[in-house]
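Q: I have a protein model open and want to learn how to read its side-chain contacts. Can we go through them step by step?

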Amino acid sequence: MAGATLKDVAREANVSIASASRAINGLDNVAEAVKLRVLEAAGRLRYVPHGGARSLVTSRTNTIGVLLPDIYGEFFAEIIRGVDVAARARGLHLLVSGSHGNPDEAVLIMRAMGGRVDGLLVMSPFVESHDLVAILPLSLPVVTIASRIGSGQGSISVDNFGGGVTAVKHLLEQGCKRLAHISGPSQNFEAEERKRGFLSAVSQPSPAVFEGDFTEESGYRGAKAFLASGPLPDGIFVANDMMAVGCLLALSEAGVKVPQDVALVGFDDIPIARFTSPPLTTLRVGIFDLGRRGLELLVAALDEGGMQEHEGLVVTPELVLRDSSRHKTG
């Protein structure tokens with residue numbers, strides 16, 4: 001049996017189709033008694049509004065576009081979870097896509113989302129991302145999360161430089177004297193800021209730096225490179241927790257004890273960081289909250305009819321002390 005139509009609801013409530021449409025879409029120009037009668041009729045008939053038709057009336061799709069560099073791994077899963085929880089609480093849907101680190105693909109995705117979403121959440125931390133400013137849709141509110149984009153619109157950023165400094169200071173306080181760093185990719189602005197913080201806080205000449213790509217495998221390779229290159233560092237700052245997991249495995253396979261021989265600090269505080277062996281000291285940025293707060297900032301812009309200039313939040317990473325770095329000896 002076919003579902004009830006708007007015409008059926010109007011007939012059941014004894015109102016015109018136009019009045020039924022206005023009532024269901026929550027518009028103001030309908031009497032409260034009429035609205036109540038229409039909604040009761042819709043409930044009895046189990047009427048489900050057509051999303052496309054509703055958007056024509058309200059000029060809203062009730063859909064938010066989310067553009068991420070990738071959708072693989074715990075970090076991005078937590079971002080999406082934060083956005084999704086906040087969106088569902090407001091009856092909003094998500095349209096999610098990953099650019100795979102390709103700015104050209106990001107441009108195509110944003111153009112494809114045009115007309116389909118009410119606003120955009122964009123995470124594009126790559127150095128070339130400032131080029132995206134030219135194609136940001138002026139008609140849509142845009143909130144950036146941990147991005148290189150300088151659009152002057154709403155943003156949530158992370159003090160990555162400060163996080164790198166904090167990691168080094170902690171390792172020095174633990175008695176480490178030969179520090180090394182496994183960085184993220186050089187085309188990633190956040191990775192470069194974490195490396196810049198590391199280098200600014202290290203006093204030793206020419207500390208060892210291995211460029212990874214934020215994957216477990218590259219963290220594994222970074223540790224192998226340090227093991228093969230001479231005196232082993234006694235403190236390693238790794239630019240994200242996924243690489244730190246790979247680093248831990250390589251050190252364990254080589255019989256290197258953490259933290260007795262090498263103290264280790266990661267970045268992000270993904271859920272698995274608590275369950276590594278030993279549990280990982282890391283810089284917490286509140287990944288879930290980055291997504292949640294980004295969605296809330298975007299919804300505020302939608303409700304208020306536009307984004308205020310330079311409205312944004314800066315997150316200071318918090319050192320979470322666990323066994324991979326504390327009580328180091330030697």
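Q: How many salt bridges does a search of the whole structure find?

A: Side chains of opposite charge can pair when their charged atoms come close. A salt bridge here is a side-chain nitrogen of Lys or Arg within 4 Å of a carboxyl oxygen of Asp or Glu. The search of the whole structure gives 17 salt bridges. This is a predicted model, where local features need pLDDT of at least 70, side-chain atom pairs count only at pLDDT 80 or more, and totals for chains, interfaces and linings use all residues. Residues are numbered from 1 along each chain as its sequence is written, and side-chain values use heavy atoms, with hydrogens and water left out.

Q: Where do Arg88 and Asp84 lie?

A: Both are in helix 5 (residues 74–88), four residues apart, about one turn of the helix. Helices are DSSP runs (H or I, at least four residues), as are strands (E, at least two), numbered from the N terminus. The two side chains form a salt bridge, 3.0 Å from N to O.

Q: Is Arg88 buried or exposed?

A: Buried means under 20% relative accessible area, exposed over 50%, and partly exposed in between (1.4 Å probe, protein chains only). Arg88 has 54% relative accessibility, so Arg88 counts as exposed. Asp84, at 27%, is partly exposed.

Q: Which residue forms a salt bridge with Arg90?

A: Glu296 does, with the closest N and O atoms 3.8 Å apart. Arg90 sits in the loop between helix 5 and strand 2 (93–98), and Glu296 in helix 11 (residues 287–304), so the pair ties together parts that are 206 residues apart in sequence. A network of salt bridges links Arg90, Asp289, Arg292 and Glu296.

Q: What does the salt bridge of Lys224 and Glu253 tie together?

A: Their closest N and O atoms are 3.9 Å apart. Lys224 belongs to helix 9 (residues 216–228) and Glu253 to helix 10 (residues 241–253), so the pair ties together parts that are 29 residues apart in sequence. Lys224 is partly exposed at 36%, and Glu253 is partly exposed at 48%.

Q: How many disulfides does the search find?

A: A disulfide is a covalent bond between the sulfur atoms of two cysteines. The test is a pair of cysteine sulfur atoms within 2.5 Å. The whole structure has zero disulfides. Cys176 is buried at 3%, and Cys247 is buried at 0%.
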